Amino acid sequence: MRTFYSSLLAVGLAVCACAVLLAPSAAPAQPIEPIRPSDTTARPAPSQDRASARGRSGTPLSVTDAIQVALEESYSLRDVQLDVRNADARIQSAWGRLYPQLDATGNYTRNIRTANPFAGSDVTGLFSGGGASEWVTFNEQARTDGNPNTDPITIEEFRRRQQAGRREAGITPGSGGGNPFGVANQFTGALRLRQTLYNGQAIAAVQGAQTLKDLNQTALDRQKRVLVNEVRQAYHDALLAREQIDVARQGLQRAQETFREVSQQVSAGTVPKSERLSAEVERANRETQLVQARSDYASALDGLKQTMGIDADAAIQLTDDLEAGPRDQYAEVSVQSAVDRALRNRSDLERARLNAELQEVRKDTEQARYFPTVAAVANLSMSGRVPSDRTSVISDPTDPFEFDTRTRGVFADSYWNPSLSVGLELSWTLFDGFQRRSSIQQQEVAVQRAELQVSQLRQSVRIQVQRALRNLEAARQRIQSQSTNLETARTNYRFAQQRLGQGVSSPFRVREASRQLDQSRLNYLRAVRDYMNAKSAFETAVGQPAGVPDAASFETARLE
């Protein structure tokens, strides 16, 4: 009996131990939100599909939409557009030196005390006669008028009778010591019209400003094409990051399936417990990879938003897929044909040529300093001398002892005097200490440097096109190789699963096949991404407008 109870106790302990070993781990895997349906053995659950739909909410955005938004919102593009606007303003400024110039000036002066301009000279006697000339005239008329009642009088009597006449008219006699040339208020207004007839520097400046605008416009065109390529590559990188989430999620699902199968085999006693621990470690590693993949995808979206120039908090949903599409578009394009196309269409090469022309124009501007500047001028001015006391004394021409007063306005004609003059101006610097010659020499160096940059850029364009064609061909070959390798990896994983289910293989072989499958798929996706980027880079290298494939116009000759 004691032996029987001992046997029962041993069996109970064994059952408890098996239950503990077969129980799930304390930290079960969290549900994984899929990005898109799986294309391998594992399929997401319906609840995961609903979670995925919630997680993918946002503004739908294709690569074409992203390019259109970037062309409107990109910071780098808007900066170049400001250069074009600035060039327009410089053209207007250059033309302004040839347009008529109209200047208006005016001033007002209040004379507190005015010096007598004739002080110290004998001419002051002309203004200190005290009415002597009038007295002589009066007496002469009295002697010759034939009237016995009019007799000549003394000068004192003449002055007394004049003062009496002023008092009767209400005129206060002055002190007699004022300056007859002093005027309290002086006004001056003038218009000056100047029309340049010849100015070599101004004419060259207009040409230079127009060349600068063309240069900035070509820079804008080139920036647009570069921006399109940058947006495409950022979009493709984001697509690859999204696919990496799918690869990591599928790897996690396979790791979970492997863990369940190994647990069953451990329970059946066909494999050791260490295999289940290894499978659990593999599952945890896969979870970490999925978390990292999601973080990388968020960073890729941030990079795309920054390239597009939109708000970093904007919610977007990528609608395109990472598909290579037709891979024979530029398969037979000859190097020389692509180089010729680039030399004709590259905006940066045209910009370098225009820069050389601009340096030539600046050289002409410096040479124009040897020639004179001729302009026609016209001056119209109005000056006014307005006294504070505008009351004047009027004497009767028939009676020197009868007086009256008259007050004139500020704008009386007697106070204002117009003037008009026309003429030509000639300005010619005959010697400036050899500054012009030195400036011309500097511009000659600038012209040579610009021409050297054109030659260097032509070589650089040739190398860029050749490299772009090689990269495109290499990416095409990588896609073909990795596509075959991916199918092989899928077949290998299915065989490993089947052999594990039949008990003729180990879980280690399954995990290894799973890792090979994930790596093969990642390599294939990277090859697709690299091909799409290489095609975009080739179109940018040859100066082809964005989104306008034109492979038929190239001369065909397979790249060696």
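In this predicted model, Gly384 stands opposite Trp416, a residue of strand S8. Gly384 itself belongs to S5, where Phe187 also stands opposite this glycine.

The strands S5 and S8 run antiparallel and are joined by 12 bridges.

Put together, the strands form an open sheet of 4 strands in the order S2-S3-S5-S8, with antiparallel pairing. Its edges are S2 and S8, the latter made of residues 416-427, and each of the two pairs on one side only. Neighbouring strands in this sheet are turned against each other by 15 degrees on average, with direction ignored. In general, strands of a sheet pair through backbone hydrogen bonds, either parallel or antiparallel.

Next come the aromatic side chains. Phe187 and Trp416, the residues opposite Gly384, belong to one aromatic cluster together with Tyr108 and Phe411. Across the whole structure, a search finds 6 aromatic pairs.

Rings also take part in contacts with charged groups. The charged end of Arg283 sits over the ring of Phe259, at 4.4 Å from the ring centre. The ring of Tyr493 has the charged end of Arg254 over it, 5.2 Å from its centre.

The helices remain. Helix H7 spans residues 200-268 and helix H8 spans residues 273-308; the two pack at an angle of about 165 degrees, with axes 8 Å apart. How are H7 and H8 oriented to each other, roughly parallel or roughly antiparallel? Angles over 145 degrees count as roughly antiparallel, and H7 and H8 are therefore roughly antiparallel to each other. The crossing in which H7 passes H8 is left-handed. Sorted by class, their contact has 20 nonpolar residues, 14 charged ones and 6 polar ones.

H7 has a further neighbour in helix H3, which consists of residues 63-73. The axes of H3 and H7 come within 9 Å and cross at roughly 135 degrees, so the two helices are oblique to each other. The crossing of H3 and H7 is right-handed, whereas H7 passes H8 in a left-handed one.

How values were computed. Residues numbered from 1 in each chain as written. Predicted model: local features only at pLDDT ≥ 70, side-chain atom pairs only at ≥ 80, totals over all residues. Heavy atoms only, no water. Phe/Tyr/Trp six-rings, centres within 6.5 Å; stacked < 30°, edge-to-face > 60°. Lys NZ or Arg CZ within 6 Å of the ring centre and 35° of its normal. Pairing = 2+ DSSP bridges. Axes fitted to C-alpha atoms, helices over the stretch in contact; angles between N-to-C directions. Parallel < 35°, antiparallel > 145°, perpendicular 65-115°, else oblique. Left-handed = near helix turned anticlockwise from the far one by under 90°. Nonpolar A, V, L, I, M, F, W, Y, C, P; charged D, E, K, R; others polar.
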